[in-house]
Amino acid sequence: MKVFLSHSSKDKGFVEAVAELLRPGTFELDSQTFDAGLINSEAIINALKRSDLFCLFLSENSIRSSYVDFETLLGVELLARGEIGKFLAVCIDERAFADASANIKFFNAVRKGVGIESTARMIQGVLVAAAAARATESHPFMGRADELLELERQVTDHSKPTTRAIFISGNFGSGRRTLARKFYANQYPRVGQIFPTVDVESFAGLEELFRKVLLALRPAITATELKTRIQAFTVAPEQERLRQIGQILNSLLLANEATYLMDMGGILTDAGQLEPEIDAIISTLESKPHPAAIIIAPRMVPLKLRRKEKDLAYLALRSLKHDAGERLMSRLLLDKGLKVAPEELRDLVALADGHPFNFYRLMEELETQSVTALLANPSDFIEWKHRQSSEYLSRITLSKEERLILGLLRLVPELDFAALISALSLDPGATSDALLRLANLHVVEPVAERVKVSPALRIAVERDKRVSLPQTVRTSAMRTLSQSLSIRLEEGDAPVALIDTAVLATLEDGSELPEFTAAFILPSHYVWLAKRHYDERRYEECIRLSKEALKGASRLSSGGLVAASRYMCLAAARIGDVATFDDGLRRLKAKASGDWALSNVAFLQGFHSRFQGNLPKAEEFHREAYKLSPGNTSAAREIASICLARGNLEEAEKFAREAHGQATRNAYLLDTLIAVLVRRYGKSSAHIGELNGLFDVLETVGEEAGKSFFSTRKAEFEHLWGNNKLALKFIEKAVAKTPSIFEPRKLYAEILLKEGNKAKAFEVIQELERQVNSRDPGERRSNYRAYLEIHSHYLVEVGQFKEAKDLYDDTSVFTDAERKGAKKEIEVIQAYRSR
């Protein structure tokens, strides 16, 4: 990494002091070009040939030069090359910043240098992002002709309304943004190739959307100015707030620009429909001379849920076709100076799976090993392709600095270089190296001088126990962030985008809110923290935070209101707090409007019934939730699990396939589908191929991070259709890995009974009884039915038939039909044995 530091000799003292804080060999100083008046786009481009970042220092003394005319300075060529992100103007006093920021329309190009140390930290952060960006420079554009034509047909269809926005879906790294840029270059050549990004997080209401859009499109805004604008926005009527958000987005049209709206959980509902707030904002967008917004999402909106106005163009990005994949791979190999045999080329293309990002990752692999070696043992690369799973991350050896960085980033949305160093007391040089390595491994994503966890690895980082900060470190880091960021933001020394981080750190720390930070608190911040505490099984704290969020219910988005009520009810159900559950449900019912909110009401009632052990009632509620919101993955998953437990394998398969289709590598959904297929079809030749394929995936994602899905399900397969002794080996491994999980122990008892080891089976059943009758908030009595069934099975095996039948008399667990059916089966066995 290297930064080119251009400055006036008048500012030599300040710049050299900054350079002393940078690592030797990572900077080049130049004042001669500046003093000679020779700085122009050509000079910048030449400097960037030997560095990753061009940094221009400006002060009150030097600002009088023509360099503040940034459009002239940067020139058309620099913009056309898409290298504006490698240019940084650092203003070392207020006069320079005021003049420069007022004159520039380019995003993120002007920053304020408050002091020598803070300026050095800022440059180091931007340098990491610029160096990481080099890896994606000059990527050739191959194929996608059909996709470009599909979009073109939609936006040029004279029989439809003009297009207000474009919606592109696909996996992370599949080339969604690249295709958007290519489409705009073809259809709207006046539009620049620098697209600012607005991350739309879960629970985002209009206030948060206003803040996000404003910060992305006006990065030079000060925290004080932002505070004033937010206060005015808050008191405005809803239609006026929608108009203001639309106005900011529409301002891009005059500047010949467009923006990405990235769906980070806040654009689509679980059913796949646009969130009401997003839908309303789209209606405010102008459609000429070009669509100002490009929505980038991981999934496509179902046809029946698309906007009735027909003013969006939709594209689901598929894998590259094979011929385009071969051309792309051949070009990349040519650029690397590598020659391969035709069969090796085909194998490399096959490894990439038509996913553009995989092609470039293969090139990185070929920098450290030959093509022959890679193809002989591609296991590491194959695992990298599945990086959404925790196993990819677990196979990366993390340094102390990397573990600390990820540990902090799992607690807050994003941080800058200075915040990382101060919160964790890290060495700047080691931190810089760690961030660059994590960026190259695609674990973190640098944006300007800020950094966040890569979206594709968010869940993996949350689950990785190695990056869980010790409580003392966590407490200290949150307190430091709370105190330092508030001060830095007020003084203008921190990116304004870190306001959310400052607020969340303060709320997490529990300290008194500084007046400046308090002005930026949104109810959605409490929802965000409630979710984190729910995931960490801190249910009482989750309930407290959910209640805080609901105090500002009128300021929450529709999704945020549902989420706050949902987390409150889910946590209450897990700890058996019926009063709080009823309170949360009442609040949701009072505000519920529309099928999606009503679906959540039914889902929560089903969840509560399941935790009370009443599966028949739970199934009724979950089916109602699914009816109100077809395609609801959560409801489909619950119905599949309940039908499986109740022996309705046909319906279990239907809903298990529905849920699995939405997340094919989710261990829980895979486990449910495999369990259904094992019990329904066994070794049936019509299904064994599919079952083996599912087992292969489950082996990868179902044994990571201390889980035992694969071992448990293989044990069940062998128990029902194969070798019971082999099943015993699998299940003993599963129980050892997850001793507190009910399912492996229940299956263990079944296998022991089949082996004839009744004494050991009884010991296991006693442990199951302790689990279902405990106050443990994990599953509570959701497994009570399964416990009664295995206990009854044991009693039948030891000849206690009456006692076995009596266990089915609990009317809150079994229906009349289920009770009669179970007792009849026991009586048949009893009659057979009495012969």
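1. Let's start with a pair of charged side chains: R474 and E508 form a salt bridge, with their closest N and O atoms 2.7 Å apart. The two partners sit in distant parts of the chain, 34 residues apart, with R474 in helix α23 (residues 471–491) and E508 in helix α24 (residues 499–509). A salt bridge here is a side-chain nitrogen of Lys or Arg within 4 Å of a carboxyl oxygen of Asp or Glu, and by this rule the count comes to 60. Side chains of opposite charge can pair when their charged atoms come close.

2. A word on the basis: this is a predicted model, in which local features need pLDDT of at least 70 and side-chain atom pairs count only at pLDDT 80 or more, while totals for chains, interfaces and linings use all residues. Residues are numbered from 1 along each chain as its sequence is written, and side-chain values use heavy atoms, with hydrogens and water left out. Helices (H or I, at least four residues) and strands (E, at least two) are DSSP runs, numbered from the N terminus.

3. Next, the helix pair α34 (residues 667–681) and α36 (residues 709–721): their axes come within 10 Å and cross at roughly 0°. That makes α34 roughly parallel to α36 (angles under 35 degrees count as such; axes are lines fitted to C-alpha atoms over the stretch in contact, and angles run from 0 to 180 degrees between N-to-C directions). Contact means heavy atoms within 4.5 Å. Among the residues that meet are Y668, D671 and R679 in α34, and R713, E716 and W721 in α36. The contact divides into ten nonpolar, no polar and four charged residues.

4. A cavity is a set of points on a 1 Å grid over the protein atoms alone where a 1.4 Å probe fits but cannot get out, and lining residues have an atom within 4 Å of a point. The largest share, three residues, comes from α12.

5. Finally, the second largest pocket (an open set with protein on both sides within 12 Å along at least five of seven lines) contains about 980 Å³ of space. Of its 40 lining residues, L274, E275, P276, S558 and S593 lie nearest the centre. Here α12 gives the most, with four residues. The lining divides into 17 nonpolar, nine polar and 14 charged.

Technical notes:
Grid points are joined across faces, edges and corners, and a volume is the space filled by probe spheres set on the points. Ala, Val, Leu, Ile, Met, Phe, Trp, Tyr, Cys and Pro count as nonpolar, Asp, Glu, Lys and Arg as charged, and the others, Gly among them, as polar. Angles under 35 degrees count as roughly parallel, over 145 as roughly antiparallel, 65 to 115 as roughly perpendicular and the rest as oblique.
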